[in-house]
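Welcome! Let's take a look at one chain of this structure and then at the place where two chains meet.

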Amino acid sequence: MDQANHSIDFRFEIPATFKYLNVVSNSLTAILEQVDDLPERANLTYNIVLAVHEVCTNIVEHAYAGNDGKIKIDVCLNEQSRSLRVDLYDTGQPFDLIEVTPPDLDEAPIRGYGLFLVQELMDEVTYKSGQENNHWCLTKHLL
Amino acid sequence: MELKTRQVNDVAVLELEGRFDAHTAAPVRDIFQEITSQEPACIVVNLANVHFVDSTALSALVAGMKRSRQLGGDLRLCNLQPPVRMIFELTRLDRAFEIFTGEAEAVQAFGPQVESR
């Protein structure tokens, strides 16, 4: 990449429907393709793409619950610190991350994998609901 | 997502292609519902051409597997791509499902009684 020591930012906004979540996946994949020397490229890309997809799915299903809405997504790639940060914003119903019970994986539950995957696949996950919007922040170290 | 179904003796084989996610899972769930409406519900899902599986897809597969086992059958998986396989391992679903490297092997594992029925 030409600007190897700089933070590179991408910003986009999608309708909050399942139909367009592939746009997010494809965009993230394209961004990560530009990172040199990505370890276990296929797995790392899949993990990041899946975690962001799961947050988007959560926003569509729970924050907007079938109503129209938008998801704003900021992606910050920092090749100097070898990290990728993805901020997602919605204006739907707030969500209580602390109330979510982790799935009992020994029981192979039918539901409950989404947020578990987000937390397992990313290095840092935060969520804040404010007056203007709800904000997810996902960070992955590209070591 | 492309979805093809075939019958190999008494085993229903589903061949999926593309993204298996919240947007595409509904027709797969419908097919599982149809197959598991009668005994024995023996299903093989071939994921060779599936490059993306999300939590909604996992839910559909687990529900199909549990329902088919209630009916004396099973839902088995084959040809998982490495990143998809890793998600099954992370969620420990690699222990819940019988996972095979090839479709023929997955079908044959249902045993001669199903194959010759």
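Chain B has 6 helices and 5 strands as its secondary structure. Here, helices (H or I, at least four residues) and strands (E, at least two) are DSSP runs, numbered from the N terminus. This is a predicted model, in which local features need pLDDT of at least 70 and side-chain atom pairs count only at pLDDT 80 or more, while totals for chains, interfaces and linings use all residues. Residues are numbered from 1 along each chain as its sequence is written, and chains are lettered from A and ligands numbered from 1 in the order in which they are written.

**The fold of chain B**
- Starting at the N terminus, the elements of chain B follow the order β-β-α-β-α-β-α-α-β-α-α.
- In chain B, 71% of the contacts with a separation of 6 or more are between residues 24 or more positions apart; two residues are in contact if their C-beta atoms, placed from the backbone, lie within 7 Å.

**The dimensions of chain B**
- The C-alpha trace of chain B spans about 35 × 25 × 25 Å along its principal axes.
- Of its 117 residues, 43% count as buried, meaning that 20 or more other C-beta atoms, placed from the backbone, lie within 10 Å of the residue's own.

**Where chain A touches chain B**
- The contact draws on 20 residues from chain A and 21 residues from chain B.
- On the side of chain A that touches chain B, helix 1 (21–33), helix 2 (41–63) and helix 3 (114–121) of chain A each supply at least two residues.
- Helix 2 of chain A gives the largest share of that side, 7 residues.

Methods
A residue is buried if 20 or more other C-beta atoms lie within 10 Å of its own, exposed if 12 or fewer, and partly exposed in between; C-beta atoms are placed from the backbone.
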